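Subject: Handover of a structure and its findings

Dear colleague,

Please find the structure below.

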Amino acid sequence: MARKAPVNSPVLDPRRLPRHIAVIMDGNGRWARRRGLPRAAGHQAGMASVRALVRACDELAVPVLTLYAFSTENWKRPPAEVRFLMSLLIEFLRREIDELHRRNVRLGLLGRRDGVPATVLKAIDRGMAQTAANTGLRLNFAFNYGGRREILDAVEAWNRQTRRPPLTEENFAKFLYTAGLPDPDLLIRTSGEMRLSNFLLWQLAYAEIVVTPVLWPDFRKKHLLAALTEYQQRERRFGGVEAVHA
Ligand code: IPE
Ligand code: IPE
Ligand code: MG
């Protein structure tokens, strides 16, 4: 199935949309606390934001969307919260995979499999197998993901090769979890925090960063459009003196 033509928008230039949007979905705990609810309620509510964002990216014909769902550091959280976050990915896929498939979305996983419960891996593997031939939006979940770990894994993978390619930036990127994907042009972080938290350290080298105070469970299409509008107003120079338009 061919990609849809990008939606016309009075403010957005459809020819200058990011090829890859990465999102640090943060603020679920604060959203819940403000309502006097347990943190899990914030994570649960965040699922609707994921659904809305995926739909919006599909409608805009953004090629790649990567969502930071669980970091290698998130194992430090209380065991019950970790278990809840694991089960939430299973629930999300159970509820959404058919619609994702209908939308021609292809599911991907960025992260280490070890330590992740078999039930979660099974759900992801089934989702990836079901959508493997799809040609639309590439939706990656960064799950049990750490940027430093990814770089070390890439070094190990490179080192295992019998005929090691020379270590150029281009060759090295082929050993990262994101092999074959364009680097994110835009990083969105919700809930106001101005840090990377070990997300896509290599790939975000030249990403435009938009931090919004909106907490993840409140994030909707209008917030994405606002971030894209800001993105399109940025002058990207990549170290040169002139603006570069991708
Ligand atoms: C993001 O929300 C969800 C994950 C890290 C999985 P948080 O749970 O970090 O929410 P805050 O930062 O405590 O508000
Ligand atoms: C980053 O958020 C990880 C995810 C969104 C999955 P955190 O809430 O874990 O980040 P820190 O601890 O505030 O840096
Ligand atoms: Mg947080």
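A polar contact is a pair of N or O atoms within 3.5 Å; within protein, one must be able to donate a hydrogen and the other to accept it, and residues adjacent in sequence count only if both atoms are side-chain atoms. The model is predicted, and local features need pLDDT of at least 70, side-chain atom pairs count only at pLDDT 80 or more, while totals for chains, interfaces and linings use all residues. Residues are numbered from 1 along each chain as its sequence is written, chains are lettered from A and ligands numbered from 1 in the order in which they are written, and side-chain values use heavy atoms, with hydrogens and water left out.

**Ligand 2**

A polar side-chain atom of Arg189 lies 3.4 Å from an oxygen atom of ligand 2. For Arg195 the corresponding distance is 2.8 Å, and for Asp26 it is 3.2 Å. On its own, ligand 2 has 390 Å² of accessible area, of which the protein covers 78% (areas by the Shrake-Rupley method with a 1.4 Å probe; for residues, only the protein chains shown count as cover). Among the residues surrounding ligand 2 are Tyr68, Phe70 and Ser197 (a residue is near a molecule or strand if one of its heavy atoms lies within 4 Å of it). Strand E2 (residues 64–71) gives the largest share of this shell, 3 residues (strands, E, have at least two residues and helices, H or I, at least four; both are DSSP runs numbered from the N terminus).

**Ligand 1**

An oxygen atom of ligand 1 is 2.7 Å from a polar side-chain atom of Arg30. Backbone atoms also take part: a backbone N or O atom of Gly29 lies 2.9 Å from an oxygen atom of ligand 1, and a polar backbone atom of Gly27 lies 3.4 Å from one. The protein buries 86% of the 380 Å² that ligand 1 exposes when taken alone. The largest share of its shell, 3 residues, comes from helix H1.

**The sheet**

The order E3-E4-E2-E1-E5-E6 describes an open sheet of 6 strands with parallel pairing (two strands pair if DSSP finds at least two bridges between them). Strand E3 (106–110) and strand E6 (208–212) stand at the edges with a single partner strand each, so one side of each has no neighbour in the sheet. Strands E1 (residues 20–24) and E5 (residues 186–190) run parallel and are joined by 4 bridges; Val23 has Ile188 as its bridge partner in E5.

Yours sincerely
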